[in-house]
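Subject: Structure for you to look at

Hello,

Please find the structure below, with the sequence beside it.

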Amino acid sequence: MCGICGEMRFDGGTVENSMLDRMNSRLERRGPDDAGIYIDGSTGFGHRRLSVIDLSARSHQPMVDEELDLALVFNGAIYNYRELRAELRARGYNFFSDGDTEVILKAYREWGERCPEHLHGMFAFVIWDRRKRCCFMARDRFGIKPLYYSLDDRRLRFASNTQALLAGADIDTTIDAEALHFQFTLHAVVPAPRTVISGIRKLEPGHSMTIGSDGTTGLRRYWHLEARRPEKSMSEDDWVEAIHTGLRRAVQRRNDVADVPVGVLLSGGLDSSLLVALLAELGMQDIRTFSVGFEDQPEEKGSEFEYSDQVVERYHPAHHKFL
């Protein structure tokens with residue numbers, strides 16, 4: 001999961017280590033394996049790590065590339081990082097780690113603000129470019145990974161959750177009335193860039209933003225959903241097979257990148273049940289599944305074990321139930 005946070009000051013001040021410590025402490029549950037802080041005068045980053053790819057200290061964050069004059073904090077997973085690493089090596093870049101984090105740094109130096117277009121995965125990251133004296137932040141295409149920020153005339157602050165931002169203090173905590181309306185009418189969803197707190201915004205999915213040392217910002221949408229009919233008409237059976245192939249490829253890609261055991265949170269619903277079935281179809285051994293239930297209440301049933309138990313009975317994963 002991981003957690004990221006940081007500050008960029010526009011008033012000439014220096015980022016305080018104690019402030020980053022406070023923010024980072026609110027991210028500990030997102031990253032219990034490691035922690036780090038990096039400060040370069042008016043810019044500072046914090047990171048909490050959940051080790052999934054390249055478990056060694058070489059992928060410690062914040063990651064600093066002295067050769068490229070870049071520093072990075074990153075939350076997520078880049079599924080095509082091996083292919084990108086090979087491409088970037090061919091372009092003359094050298095690597096000091098084996099994970100996906102460093103690939104983002106090299107991709108940024110090679111392609112600049114277009115680097116997210118080359119990344120396949122779920123991600124939220126912020127890069128400090130010491131040469132250009134700017135920060136570059138980006139969020140994955142569907143906003144799987146969170147990226148909150150607070151921006152005013154004095155500074156930019158960002159974090160993986162609102163609690164970390166609030167720990168930095170001096171945030172406008174008045175209620176955003178329009179966001180509150182969304183909260184109550186869109187099934188607890190507040191579309192980006194708003195949040196229910198007026199002083200906190202979210203970077204929109206499929207977008208990147210560059211922030212200069214003087215506080216100027218440039219927002220860029222790097223991805224558009226392109227939905228179009230295929231040139232050749234397809235039968236219902238063709239569509240079923242195409243969807244099956246696409247889902248199988250997606251599950252395989254995610255299963256191949258982890259350096260730790262992969263599991264499924266098995267609710268018994270369609271999505272998680274399908275994931276278990278596809279992993280079994282791909283021949284994955286020792287599938288680990290986890291189901292969580294709650295006591296029934298008069299107005300609502302709390303457990304879906306009756307559905308998840310059927311999946312367990314069919315595919316025989318290493319299953320864990322928690323009531």
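Which element gives the most to the lining of the largest pocket? The contributor is helix 6, with eight residues. Before going on, please note that this is a predicted model, and the values below are computed from it.

**Pockets**

The largest pocket holds about 1200 Å³ of space. Its lining is made up of 42 residues, and those nearest the centre are Ala77, Tyr79, Met122, Arg254 and Val257. Two or more lining residues come from each of strand 5 (70-78), strand 6 (121-129), helix 6 (236-257), strand 13 (263-265) and helix 7 (270-281). Sorted by class, the lining has 23 nonpolar, eleven polar and eight charged residues.

In the second largest pocket there is about 200 Å³ of space. Its lining consists of Leu247, Ala250, Val251, Arg254, Asp271, Leu274, Leu275 and Leu278. Helix 6 and helix 7 are the elements that give two or more residues to this lining. Six of the lining residues are nonpolar, none is polar and two are charged.

**Nonpolar cores**

The largest nonpolar core has 30 residues, and Ile78, Ile104, Phe123 and Phe125 have the most contacts inside it. At least two residues of this core come from each of strand 5, helix 2 (81-90), helix 3 (101-111), strand 6 and strand 7 (134-139). Helix 3 gives the most, with six residues. Another core, of 19 residues, lies apart from this one and includes Val73, Met137, Phe158 and Ile211.

Leaving out residues up to four places away in sequence, Phe123 touches Phe74, Asn75, Gly76, Ile78, Pro116, Ala138, Arg139, Asp140, Arg141, Lys145 and Tyr222.

Where does tyrosine 222 sit? Tyrosine 222 is in the loop between strand 12 (217-221) and helix 6. Is tyrosine 222 buried or exposed? Its relative accessible area is 8%, so tyrosine 222 is buried, the cut-off being under 20%.

Not counting residues up to four places away in sequence, tyrosine 222 touches Pro116, Glu117, Phe123, Arg139, Asp140, Arg141, Gly206, His207 and Ser208. The side chain reaches the backbone oxygen of arginine 139 at 2.5 Å, and a polar atom of the side chain lies 3.5 Å from the backbone nitrogen of arginine 141. By contrast, threonine 185 is 37 residues from tyrosine 222 along the chain, and their C-alpha atoms are separated by 29 Å.

Serine 208, one of the residues that tyrosine 222 touches, is found in strand 11 (residues 207-212). Serine 208 counts as buried because its relative accessibility is 1%. Its contacts, leaving aside neighbours within four places in sequence, are Glu113, Phe136, Met137, Ala138, Gly218, Leu219, Arg220 and Tyr222.

**Helix 5**

The N-terminal end of helix 5 (residues 177-185) is capped by aspartate 176, with a side-chain oxygen 3.1 Å from the backbone nitrogen of glutamate 178. Just after the helix, histidine 187 has a positive phi of about 55°.

**Backbone details**

Most residues other than glycine have a negative phi, and most peptide bonds are trans. The following places are therefore worth a look, given that most peptide bonds are trans and most such phi values negative.

- Glutamine 61 and proline 62 are joined by a cis peptide bond, with omega about 0°; proline 62 is in the loop between strand 3 (43-49) and strand 4 (63-65).
- Alanine 192 and proline 193 are also joined by a cis peptide bond, with omega about 15°; proline 193 is in the loop between helix 5 and strand 10 (201-202).
- Aspartate 54, not a glycine, has a positive phi of about 50°. Aspartate 54 lies in the loop between strand 3 and strand 4 and, at 7% relative accessibility, counts as buried.
- Aspartate 286 has a positive phi of about 55° and is not a glycine either. Aspartate 286 lies in the loop between helix 7 and strand 14 (288-292) and, at 47% relative accessibility, counts as partly exposed.

Regards

Methods. Residues are numbered from 1 along each chain as its sequence is written. This is a predicted model: local features need pLDDT of at least 70, side-chain atom pairs count only at pLDDT 80 or more; totals for chains, interfaces and linings use all residues. Side-chain values use heavy atoms; hydrogens and water are left out. On a 1 Å grid over the protein atoms alone, a cavity is a set of points where a 1.4 Å probe fits but cannot get out, and a pocket is an open set with protein on both sides within 12 Å along at least five of seven lines; lining residues have an atom within 4 Å of a point. Grid points are joined across faces, edges and corners, and a volume is the space filled by probe spheres set on the points. Helices (H or I, at least four residues) and strands (E, at least two) are DSSP runs, numbered from the N terminus. Ala, Val, Leu, Ile, Met, Phe, Trp, Tyr, Cys and Pro count as nonpolar, Asp, Glu, Lys and Arg as charged, and the others, Gly among them, as polar. A nonpolar core is a set of buried Ala, Val, Leu, Ile, Met, Phe, Trp, Tyr and Cys residues joined through side-chain atoms within 4.5 Å. Buried means under 20% relative accessible area, exposed over 50%, partly exposed in between (1.4 Å probe, protein chains only). Contact means heavy atoms within 4.5 Å. A polar contact is a pair of N or O atoms within 3.5 Å; within protein, one must be able to donate a hydrogen and the other to accept it, and residues adjacent in sequence count only if both atoms are side-chain atoms.
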